[in-house]
Structures are given as structure tokens and as C-alpha cells.
Amino acid sequence: MKEFFKTRGARLLLPVAVLLLVLFALRAMAGPLTPFAAALALAYFLNPAVTALEDFLGRRAWLSRRVPARTLAVGLLTFAVLTVVVLILLFAVPTAYHQVADAVAKAPEYLRVLRSRIEPLYQRLNLEYPEQTEQARQRLVEALRNQAPQIVGPITHFATGMFSSLLGFVLTILNLLVIPVFTVYLLFDMNRILAGIRELVPHRLRGYVFSRFGEVDKLLSAFVRGQLTVALILGVFYSIGLTLCGVPMGLLVGFGIGFFNLIPFMSYLLGLPLALTLSWVDDQSLTRLGIVALVFTFGQFMEGNFITPRIVGDSLGLHAVVIMLAVLIGGSLFGFVGMFLAVPTTASLSVFWADLRSLYLRSEFYGRGEPPPDSPEVGHS
């Protein structure tokens, strides 16, 4: 048995087996670990800001003698976050509530407008192409009937699981409260946690592991913080712009469009059509539609040419085709969560691509069997 573990195949299979076992255990305990995982992610991305603030406060000797710099840094960050939350609750939430209530009150009128526009078109098509129109209608009804359970089912199951009982409701509230509490506690010890993880890396591998994961940390941290900052800027811009344009639920729709930007191309596919549709059902004015389209176009122009290049930059180094493929695969496997995580995960894995390619080119499999001297190599004429 000892000889088996010394073989090259066993050394390769053992880490894979351990990784699969860890992933299986994490999936089995996904429910209880979700709040902790969310808190750990928040603490990881907030830690550089807290550390920078700690260093700044630590240089003030008169202050650090009274209160530990780390404690004061975490306290200031917590106070700033609570201040933002309070301002949102005081100003943004009431405005959003009134906009939603107004849209709900006008919902029958919106349905009447849609029906008055769609029915004449359907009747005209039905007169000119009766068979094709009926077939299209049947296919649409059948598609909606087949897809509705798949769309509504997960949402209903999720909501039922959370609020079907008093215990479920209490657990949901506790999970929401536990995340910020865990985040604050983890921020106090995040540097020690990271140092402990580094100590577990074998000495012979530390140079490579530290350099590569340092690149992953730099890339991932900058990308996530940059993308969230861009999303917040766009969300504020679109919410104000669409509200001033009179778009129903403009505040929520604007922030939604801003956060659609986290998923590549999603703001174009969902953001603009949603804003135009809501604007049109409320007021069938071409002028308003033009203004809404202009607001969206201006926001996308500023985002693509000024905001994203300055905040995020071109640090990812991924081709647009690779990004789109990653989003499609992530969405197919894990839904919206997979779409959000696809780009940063792919960018992180790209750090190791050069090493994997170099390892393959140096492998015996690649180098075995040189071509005959008088025959052309593959890829050359």
C-alpha cells in the first residue's frame, strides 16, 4: 500500500480525490454554510480597505494608544455601512414603495393598453395569414404552458421554503442578521486567517503558490470591487434618469439595469427593453421613448469609455468570446449565480493557463515522436 501512494498516479489522484470530497461535503452542508460563506466573501473583499485604514490610524500614536487601530478601522467601516443603510431606508425605500404602489394601481390600465395594441395586429395577421397565425398562437401558448412551471417553480419553492412556517421565517431573518455579524467578526481576524492559510503551504511550493494566488487575489479583488462600484454608479444614474423621465418603478428599474451590468451584455438584453416597455405602457409617446433610449445610450457610452476603463481597467485580459462562453456555461449550470461568478472565475483560472500550456509543451506526450526530416510539420506548408 505504501508503494502505491509513492507512485506518480497516486500523487495525482490523491489531491483530486480530496478536492472532490471537500466539494461534496460543502454541497451537502450548503444551507447552513451559506451565511458564513457570504460573510467570508464580504470580509475578504473588504479586508484591504480595513487594513489600509488600520495602517493610516496606526500612524496616529495618540489615537492608537487609546483604541487598537484594527478595532477602530472595523468600527469606522461598520458605521459608514450603517449610515448608508439608514439613508437608503429613509429615502430610497419609501420612494421605491410609492413607485411600485402607483404601478400596481395602474396595472389594469397598462393591460388595457397592451391589449388595445396587440389585438388589432393579431386580427390583421389572422385575416391575412389565418393558418400561420393560429399555429404561432398555439406554439406560444404551449411554450408558455411548458416553461411557466420551470420559471415560477424555483421561485415558489424558494419562497415556500423560507416562509412556509414560522420556523422558516425566523431562520431566514436570522440568516440575514448573521451575515453582517459574521462579517464584522471575520474582519477583526482576516489577516490572521490568511496568515494561517499561508502557513499550511509546504515550503517548497510557497514561491509558486504565493505568486500565482497573489495574481488571482489582485485580479479578482480589483475586478469584483471595480464591477460593484461601476454597478452602483450606473444604478444611481439610471434610477435618477428613469425616474425623471417618468418611467414606472424607475428607481427599481434603474438599479436593476445598473446591476445587470455585472453580467456581460445583460444590460443590453434586458435593461433597455424593460425600460422602454414600461415607459411605453405608461405613455405611448415617442418623445419619451426617445429620451429613455438617450438616457440608456449616454449611460452605456460613459460606462464603456470612461467609468469602466478608469475603475476596472483591462486587467482581465479575456477575449469577448471567452467571456460570453463563460457566462453561457455558468448560467446553464448554476443559473443567475453562475452567470455572476462566471467571469471572475474564468479570469482567475486564466492565471494558471500559461503554466498548464507550458507543462503540456514540456510533457513527454507532446514531445514524443519527432516528424520525419523531409515531411512538413503540422501547421506549416
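Start with Asn261. It sits in the loop between H10 and helix H11, residues 266–282. Keep in mind that this is a predicted model. Is Asn261 buried or exposed? Its relative accessible area is 12%. The cut-off for buried is under 20%, so Asn261 counts as buried. What does Asn261 touch, leaving out residues up to four places away in sequence? The list is Gln227, Val230, Leu234, Ser267 and Glu303.

Some of those names come back in the next stop, the pairing of H9 with H12. H9 covers 206–244, and H12 covers residues 286–311. Their axes come within 11 Å and cross at roughly 160°. Angles over 145 degrees count as roughly antiparallel, so that is what H9 is to H12. The crossing is right-handed. On the H9 side, the contact residues include Val230, Leu234, Tyr238 and Leu242. On the H12 side, they include Val292, Phe296, Gly299 and Glu303. By type, the contact has twelve nonpolar residues, six polar and one charged.

Now the cores. The largest nonpolar core has 14 residues. Which residues have the most contacts inside it? They are Tyr238, Leu242, Val247, Ile257 and Val292. H9, H10, H11 and H12 are the elements that give two or more residues to this core. Look at Val292 in particular. Setting aside neighbours within four places in sequence, Val292 contacts Leu242, Cys245, Val247, Ala275, Leu276 and Ser279. Another core lies apart from the largest one. That one has ten residues, among them Ala39, Val50, Ala69 and Ala73.

H6 is residues 107–128. The two axes are 8 Å apart, at an angle of about 95°. Anything from 65 to 115 degrees counts as roughly perpendicular, so H6 is roughly perpendicular to H11. H6 brings Tyr110, Val113, Leu114 and Arg117 to the contact. H11 brings Trp280, Val281 and Asp282. Five of these residues are nonpolar, none polar, and two charged.

Last stop: Met249. Where is it? In the loop between H9 and helix H10, which is 250–260. Met249 has a positive phi, about 55°, although it is not a glycine. Its relative accessibility is 24%.

Over to you for questions.

Conventions
Residues numbered from 1 in each chain as written. Predicted model: local features only at pLDDT ≥ 70, side-chain atom pairs only at ≥ 80, totals over all residues. Heavy atoms only, no water. Helix = DSSP H or I, 4+ residues; strand = E, 2+ residues; numbered from the N terminus. Buried < 20%, exposed > 50% of the residue type's maximum accessible area, 1.4 Å probe, protein only. Axes fitted to C-alpha atoms, helices over the stretch in contact; angles between N-to-C directions. Parallel < 35°, antiparallel > 145°, perpendicular 65-115°, else oblique. Left-handed = near helix turned anticlockwise from the far one by under 90°. Contact = heavy atoms within 4.5 Å. Nonpolar A, V, L, I, M, F, W, Y, C, P; charged D, E, K, R; others polar. Core = buried A, V, L, I, M, F, W, Y, C linked by side-chain atoms within 4.5 Å.
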